[in-house]
Amino acid sequence: MIDVSKYHGTGNDFIVVDADHPVASRRRFAIDHCDRTDGISGATGPTGADGVLFLALEPAFDPPRVIMTLVQPDGSVASMCGNGARCAAAWAADRTDRDEVMIDTPAGTRRATVGDESVTIEMGTPRFDPAFVPLARDDPMVEEPLCGLTVTAVDTGVPHAVAFVDDVDAVDLAAVAPDVRHHEVFPEGANVTLASAHPDGGFRQRTFERGVEGETRSCGTGAVAIAAVARRVGRVEDDRLTVRPPGGDLTVSFEGEVASLSGPVVHEFDTELSAAHARHA
Ligand SMILES: N[C@@H](CCC[C@H](N)C(=O)O)C(=O)O
């Protein structure tokens, strides 16, 4: 058995594993323990998770560094996760008593700042260039019809197909998202993110995530994608806006073209999980 923690960032929930613990098959570990009916359990029974964050803390650096690897419920590895990086920063801050942490991800090194109410992560510059998203074509995709949606494709560390609709709740996301997520124009697939204007400002959000293969309660790269696309197509000019997924509000800010993501993080519980079965999978 190994010690693990469970965290969530606005409802996007993760099992957090210190990378020092021996887990021979991270893929098998994630598939088994993220399962919503048979996976990791808290006091009230099985919770499962949207992914496993394997975190290698390097406390000797100033600020401390964390190498973050997100393995998703289907066993795939994602190059970035906005909410996961915020949870990783909170985990590292608990262990180092430092409020600034550098998170190393396959998408780049991102600075995180941990406050009492909120954790902020720098998210880099959203990119529309087809080589970055990536897209299987030479031109950016900006407000184009695709599988019944009007889609803009953007890379915020991972690919998002963003569509603005009148009311995110009026869309059957589980029905419309898979065709976009697997469309041949996205050679590595895409997360499918819907947005609609909120009466109090900012945008409501729903995201169907690649790797989860379903809707999550929040998606940080998706929130940044909405803000970046809204600015690109002229829906807003603001440098700071609220994006509201079902799990709680997130703030996206821009300094120039560089985005940051802020919102609450919750440490749910600690427990032990079997890693032995994973070694033989
Ligand atoms: N929930 C995450 C995004 C995780 C990665 C995504 N599922 C992918 O495979 O691209 C977030 O908060 O950004």
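Reader: How many helices and strands does the chain have?
Author: Five helices and 20 strands. Both are DSSP runs, numbered from the N terminus: helices are H or I with at least four residues, strands are E with at least two.

Reader: What ground rules apply?
Author: This is a predicted model, where local features need pLDDT of at least 70, side-chain atom pairs count only at pLDDT 80 or more, and totals for chains, interfaces and linings use all residues. Residues are numbered from 1 along each chain as its sequence is written, and side-chain values use heavy atoms, with hydrogens and water left out.

Reader: What is the radius of gyration of the chain?
Author: 18 Å. A compact globule of 281 residues would have a value near 19 Å, so the chain agrees with that. The radius is taken over C-alpha atoms, and the globule rule is 2.2 Å times the number of residues to the power 0.38.

Reader: And what does the C-alpha trace span along its principal axes?
Author: About 50 × 40 × 35 Å.

Reader: What share of the residues is buried?
Author: 54% of the 281 residues. Buried means under 20% relative accessible area, exposed means over 50%, and partly exposed is in between (1.4 Å probe, protein chains only).

Reader: What about the accessible surface?
Author: The chain has about 11800 Å² of it, and carbon and sulfur atoms account for 44%. The areas come from the Shrake-Rupley method with a 1.4 Å probe; for residues, only the protein chains shown count as cover.

Reader: How far apart are the mean positions of the positive and negative charges?
Author: 2 Å, for 24 positive and 45 negative charges. Lys and Arg count as positive, Asp and Glu as negative; His and the chain ends are not counted. A charge is placed at NZ of Lys, CZ of Arg, CG of Asp or CD of Glu.

Reader: Contacts next. What percentage join residues at least 24 apart?
Author: 62%, among contacts between residues at least 6 apart in sequence. Contact means heavy atoms within 4.5 Å.

Reader: On to the helices. What does α2 span?
Author: Helix α2 covers residues 82-96, and its end C-alpha atoms are 21 Å apart. Its 15 residues should span 21 Å at 1.5 Å a residue, so the two agree. The expected span is 1.5 Å times one less than the number of residues.

Reader: Why call α2 largely enclosed?
Author: Because 13 of its 15 residues are buried. G84 sits in this helix and has a relative accessible area of 0%.

Reader: What does G84 touch?
Author: F14, L53 and M68, leaving out residues up to four places away in sequence. F14 is 70 residues from G84 in sequence, yet their C-alpha atoms are 7.0 Å apart.

Reader: What follows α2?
Author: D97, with a positive phi near 60 degrees. D97 lies in the loop between α2 and β8 (100-105).

Reader: Is D97 buried or exposed?
Author: Exposed, at 73% relative accessibility.

Reader: Where is T10, and what is its phi?
Author: T10 is in the loop between β1 (2-9) and β2 (12-18). Its phi is about 45 degrees, positive although T10 is not a glycine. T10 counts as buried, at 3% relative accessibility.

Reader: Which peptide bonds are cis?
Author: D62 to P63 is one of them, with omega about -5 degrees. V133 to P134 is another, with omega near -5 degrees. P63 is in the loop between β5 (52-58) and β6 (65-71). P134 is in the loop between β10 (119-124) and β11 (144-146).

Reader: Where is V236?
Author: In the loop between α4 (220-232) and β17 (240-244). V236 counts as buried, at 16% relative accessibility. Beyond its neighbours within four places in sequence, V236 is in contact with F203, A230, R231 and L241.
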